[in-house]
Amino acid sequence: MKILSTLLAGAATLGMTATTALAADWQPKKPVEFIIMAGTGGGADQIARLLQGLIEQKGLSSRPFIPINKPGGSGAEALRYLQDKAGDDHTVMMTLNSFYTTPIIQEDLGVDPREFTPIGLMAMDTFLLWVHNDMADITDLDSYVEAVKGKGLDWKVGGTGSGQEDSVLTAMMEAAFDYEVTYIPFPGGGTVAKNLIGGQIDSTVNNPAEQMAFYEAGDSKPLVQFTGERMAAFPDVPTAKELGVDIEYYMQRSVNGPPGMSPEAVEFYTELFGELFASDEWQEFCTSDGLTCDTFLNGGDLGEFHATQYVAHQDLIEQVGAAAITGE
């Protein structure tokens with residue numbers, strides 16, 4: 001069975017745009033809570049802390065941005081926190097695809113991400129299939145599938161939480177290759193990466209930034225990338241589509257505020273993150289760490305993007321089954 005998922009692919013191919021917001025008169029009156037709906041060391045955490053550092057370095061805000069990790073419940077903790085901050089102009093959040101999947105799967109959460117305030121799409125993050133470099137008998141996707149089928153449920157795949165992106169992609173692979181694995185959730189992508197190197201898990205679909213240090217040290221190796229085209233950071237790693245497997249999946253990295261932010265605050269944050277998006281520092285990070293950063297969507301365009309992706313993830317979860325994603 002082949003699964004075609006071009007979720008988020010459309011935005012990855014748009015031309016670069018920039019916000020046209022004028023210089024905002026509004027400025028934060030107190031420190032801004034920069035919520036991260038994932039644990040420390042993962043892609044969302046790395047991105048938020050990089051952006052926070054650039055904001056300080058460039059003097060873009062009258063008050064500091066304070067990164068705060070809220071990974072509980074596959075991002076449910078962060079989503080509920082942002083929902084309860086309705087009307088607050090001093091809270092923003094770095095999101096990932098659990099921005100969609102967690103409210104869909106956890107229906108009693110009482111959160112609809114389409115009601116949040118869209119600020120800016122910073123990147124489309126990507127996924128690769130990783131194994132430890134010591135697995136000499138696994139050299140490509142075919143040998144990987146053979147090894148997994150040989151071990152069945154004894155094969156352990158690590159990922160960031162249940163119902164999050166890693167578990168979605170793992171479920172897609174189970175359906176495509178007709179095998180079953182044991183999925184082990186961790187609080188963040190950095191922890192997943194360490195557990196692969198430590199041998200506690202057999203494989204992962206980490207984002208590039210989460211594995212990059214281990215990859216460069218020769219401790220892990222990528223077998224396939226789930227992108228439309230090969231990324232510049234991994235020119236020798238084939239895409240799944242090249243190998244005849246129709247899986248293409250991306251993770252959105254956007255900044256959003258709670259419902260009901262004031263127009264003045266939205267203008268300020270949109271201009272701020274638009275300036276960061278266009279900066280050499282951000283674009284260089286995107287290239288080196290395998291992110292696609294061609295398009296800065298904001299305002300109604302980003303809101304429409306979220307609405308489309310929410311429905312797309314509803315369809316995907318229905319296709320592979322929520323139980324396949326959550327393990328319940």
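Predicted model: local features only at pLDDT ≥ 70, side-chain atom pairs only at ≥ 80, totals over all residues.

Student: OK, helix α6. How far apart are its end C-alpha atoms?

Tutor: They are 18 Å apart, which agrees with the 18 Å that the 13 residues of α6 (residues 165-177) should span at 1.5 Å a residue. The expected span is 1.5 Å times one less than the number of residues. Helices here are DSSP runs of H or I with at least four residues, strands are E runs of at least two, and both are numbered from the N terminus.

Student: And how many of the residues of α6 are buried?

Tutor: 12 of the 13, so α6 is largely enclosed by the rest of the structure. Buried means under 20% relative accessible area, exposed is over 50%, and partly exposed is in between (1.4 Å probe, protein chains only). Among the buried ones are Glu-165, Asp-166, Leu-169, Met-172 and Phe-177.

Student: What happens just after α6?

Tutor: Asp-178 takes a positive phi there, of about 55°.

Student: Switching to cysteines. Which ones form a disulfide?

Tutor: Cys-286 and Cys-293, with their sulfur atoms 2.0 Å apart. The cut-off is a pair of cysteine sulfur atoms within 2.5 Å, and the count comes to 1 disulfide.

Student: Is that one left-handed or right-handed?

Tutor: The torsion about the S-S bond of Cys-286 and Cys-293 is about -80°, so the disulfide is left-handed. Both Cys-286 and Cys-293 are buried.

Student: Now charges. How many salt bridges are there?

Tutor: The count comes to 11, taking a side-chain nitrogen of Lys or Arg within 4 Å of a carboxyl oxygen of Asp or Glu. One of them joins Glu-33 to Lys-85, with the closest N and O atoms 3.6 Å apart. Glu-33 lies in strand β2 and Lys-85 in the loop between α3 and β4, so the pair ties together parts that are 52 residues apart in sequence. Glu-33, Lys-85 and Asp-88 are linked in a network of salt bridges.

Student: What does Glu-281 pair with?

Tutor: Lys-58, at 3.3 Å from N to O. That pair links helix α10, which holds Glu-281, to helix α2, which holds Lys-58, 223 residues apart. Glu-281 counts as partly exposed at 30% relative accessibility, and Lys-58 does at 32%.

Student: Last topic, rings. How many aromatic pairs?

Tutor: The count comes to 17 aromatic pairs. Rings of Phe, Tyr and Trp (its six-membered ring) pair if their centres lie within 6.5 Å; planes under 30 degrees apart are stacked, over 60 edge-to-face, and the rest tilted. Trp-26 and Phe-268 have ring centres 5.5 Å apart and planes at 65°, so that pair is edge-to-face. Trp-26 and Phe-268 are 242 residues apart, and both are buried.

Student: Which residues form the aromatic cluster?

Tutor: Trp-26, Phe-34, Phe-65, Phe-268, Tyr-269 and Phe-273 form one cluster.

Key. Residues numbered from 1 in each chain as written. Heavy atoms only, no water.
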